[in-house]
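Q: I would like to learn how to read the features of a model such as this one. Can we go through it step by step?

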Amino acid sequence: MSHANALTAVAQMSKQRAAAWLLGIGAILLALCFIGGKVGIVFALLLALMLTGIPVSIALGLTVLMFMYLLTHVPVEAVALKLFSGIEKFEIMAIPLFILAGNFLTHGGVAKRMIKFATSLIGHWHGGLALAGIIACAMFALVCGSSVATVVAIGSIILPAMVKQGYPKRFGAGVIITAGSLGILMLPSIPKVIYAISTNTSIGALFLAGLFPGILLTVMLCTTTWVLAKKNGYPRMRKASWGDRLKAFKESVWGLMLVVIIIGGITKGIFTPTEAAAMSAVYAFIISVFVYKDMPLKKTPEVLKKSASLSAMLLYIITNAVLFSFLMAHENIPQAMADWILAKDLGQAGFLFFTNILLLLAGNVMEPSSIILVMAPILHPAAIRLGIDAVHFGIMIDANMEVGLCHPPVGLNLYVASGISKMSISELTVAVMPWLLTMLVFLVIVTYWPGLSLWLPKAMGLM
C-alpha cells in the first residue's frame with residue numbers, strides 16, 4: 001500500500017470513529033431527554049452545547065434561552081428582568097474587590113516577605129524551602145482569596161529558588177500547585193462568596209469556617225513534603241537566629257495585619273464581608289505603594305485594568321448562571337432533584353459521598369465558579385433536608401474545588417505552574433500526585449467531620 005493510500009485509510013478510520021462517537025453521544029443525550037423529562041432536556045441541552053467547545057458561561061445562557069423560547073411561555077421581559085435583578089446583590093461586589101486586593105498583594109512585595117518569614121521559621125527542616133513555600137501559600141491565602149493569585153505570587157519566587165538550591169523542578173512544582181489551592185479555602189475566598197450568593201448562606205460564617213480546615217490541609221501537605229524530602233535527601237537551610245526571625249516577622253507584619261482586619265471587622269460587626277473586601281483592597285494598595293514601595297504608583301492603572309478584566313469574566317459567568325438558576329427554579333428542578341435524591345434513601349453519609357463523586361467528576365470539565373453556580377442550587381436543598389449544615393456543605397464543596405484546580409484537563413493551578421516552570425501539563429500531572437492523594441484524604445476528613453468547619457464560626461457567634 002502506498003503512503004497516500006495509507007493516509008487515506010487512516011483518515012477514513014478517523015471519520016468512522018468520530019461518527020461513532022457522535023452517534024453514541026447523540027443517543028445518550030436523547031435518552032437523557034426522554035428519561036429525565038424537563039430535567040433531562042435542560043441538562044442534555046447544556047451538555048450538548050459544552051461538547052461543541054462553547055465556554056460554560058455561554059452554554060448556560062444559550063440553554064436558558066433555547067429552553068425558554070421553545071418549551072415554556074415565560075415572557076422574554078421576565079428573563080431580562082431576572083438577568084439584571086439577579087446580579088444586583090450587594091454581596092457580589094466582594095468578588096471584584098477581593099480580586100483587586102489579591103492583585104495589589106501579588107505586585108506589592110507581600111509574597112516575598114511572607115516567604116522570608118516562613119523560611120526563617122522552618123528552613124532548617126528537611127525540604128525547608130519547600131515547607132516554607134507551603135507556609136507562605138497559607139499566609140498569602142489568609143489575605144488573598146484566589147488560588148491562581150497564590151500560585152503566581154508565591155510560585156514565581158519560591159520555585160526558581162528551590163531549583164537553584166538543588167531541588168528537582170518537578171518536586172517544587174508539585175508543592176506549589178497544591179499549596180496554591182489553599183487560596184480558596186482560607187479566610188476570604190471568591191468561590192465561598194459565589195456559594196453564599198447561590199444558597200443564601202452567611203459569607204462571614206463561610207470565611208471563618210475555612211480557617212481550621214485550611215490549617216489542617218497545610219499541616220498535611222507539609223507532612224507529605226517533609227517525608228518525601230527526608231527520603232530523597234533534599235537540601236536543608238541554615239537555622240535562622242531568633243533575631244533573624246523577629247526581623248522577618250516585622251517585615252511581613254503589614255501584610256499579615258490584613259488577617260486581623262478581616263477577622264476582627266467581621267466578627268465584631270464593624271463591617272460586612274463585602275465591606276471587608278473593600279477594606280482589603282484599600283489596605284493592600286496602601287501597603288504595596290506607600291509602605292513596602294515595591295509597586296510604583298504609575299503601575300496602579302495596569303493592576304486596575306487586569307482586575308477589571310478578570311472581574312468582568314467572573315461576573316459574566318455569574319450572570320449566565322443566574323439565568324440558569326432562574327430556569328431551574330421556574331421548572332422546580334432543584335426540588336425535583338432533592339426529592340429524587342431523598343427517595344434513594346442514601347442518608348447523610350451516602351449523600352455526601354455521592355456529592356463528592358459528582359463534584360470531582362465535574363472538576364474534569366468545568367472550573368470552580370461554574371461548578372458551584374450550577375451544582376449548589378441543585379444539591380443544597382437536598383443537603384438541608386437531610387440535616388446537613390449549609391456552611392459545612394459549602395466548605396466541603398470548596399475542598400472539592402481545590403482538588404479540581406490541581407488535576408487536568410481544566411486545573412487552573414496546573415496551567416499557571418506550567419507557565420512559571422516551563423514544564424508540560426503531563427509532567428506536572430505526574431509531579432502533583434503525592435500531594436493530590438493527600439488532598440483526597442483531607443477531603444474525606446472535611447466531609448465527615450463537620451465540627452472542623454463549624455466550631456470557629458459558632459464560637460465567634462456567626463451561626
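Q: Which helices each supply at least two residues of the lining of the largest cavity?
A: This is a predicted model. Helix 17 and helix 18 each give at least two lining residues to the largest cavity. Helix 18 has the largest share, three residues.

Q: How many cavities of 30 Å³ or more does the structure hold, and what volume has the largest cavity?
A: There is one cavity of 30 Å³ or more. The volume of the largest cavity is about 50 Å³. Its lining has 13 residues, and those closest to the centre are Met-366, Pro-368, Met-401, Gly-404 and Leu-405.

Q: How does the lining of the largest cavity divide by class?
A: Eight residues are nonpolar, four are polar and one is charged.

Q: Next, rings. What describes a pair of aromatic rings?
A: Two values do: the distance of the centres and the angle of the planes. In this structure, a search of the whole finds 10 aromatic pairs. One of them is Phe-98 with Phe-207, which is edge-to-face, at 5.7 Å centre to centre and 65° between the planes. The cut-off for edge-to-face is over 60 degrees.

Q: Why does the pair of Phe-98 and Phe-207 tie together parts that are 109 residues apart in sequence?
A: Phe-98 belongs to helix 4 (residues 94-107) and Phe-207 to helix 10 (residues 203-209), so the pair links parts 109 residues apart in sequence. Phe-98 is buried, at a relative accessible area of 2%. Phe-207 is also buried, at 1%.

Q: Is the pair of Tyr-167 and Phe-171 stacked or edge-to-face?
A: Stacked, with 6.0 Å centre to centre and 10° between the planes. Tyr-167 and Phe-171 are both buried. Ring pairs also join Tyr-167, Phe-171, Tyr-234 and Trp-435 into a cluster.

Q: Which rings have the charged end of Arg-113 or of Arg-245 over them?
A: The charged end of Arg-113 sits over the ring of Tyr-292, 3.9 Å from the ring centre. For Arg-245, the ring is that of Trp-242, and the charged end is 4.5 Å from its centre.

Q: Which residues of helix 22 are buried, and what do they pack against?
A: Helix 22 (residues 450-459) has Leu-452, Ser-453, Leu-454, Leu-456 and Pro-457 as its buried residues. They pack against helix 10, helix 11 (211-232), helix 18 (390-404) and helix 21 (433-448). Gly-461 follows helix 22, with a positive phi near 75°.

Q: One last residue. Is Thr-218 buried or exposed?
A: Thr-218 is placed in helix 11. Its relative accessibility is 7%, so Thr-218 counts as buried. Setting aside neighbours within four places in sequence, Thr-218 contacts Ile-134, Ile-135, Ala-138 and Leu-182.

Methods:
Residues numbered from 1 in each chain as written. Predicted model: local features only at pLDDT ≥ 70, side-chain atom pairs only at ≥ 80, totals over all residues. Heavy atoms only, no water. Phe/Tyr/Trp six-rings, centres within 6.5 Å; stacked < 30°, edge-to-face > 60°. Helix = DSSP H or I, 4+ residues; strand = E, 2+ residues; numbered from the N terminus. Buried < 20%, exposed > 50% of the residue type's maximum accessible area, 1.4 Å probe, protein only. Lys NZ or Arg CZ within 6 Å of the ring centre and 35° of its normal. Contact = heavy atoms within 4.5 Å. 1 Å grid on protein atoms, 1.4 Å probe; cavity = no way out; pocket = protein on both sides within 12 Å on 5 of 7 lines; lining within 4 Å. Points joined across faces, edges and corners; volume = space filled by probe spheres on them. Nonpolar A, V, L, I, M, F, W, Y, C, P; charged D, E, K, R; others polar.
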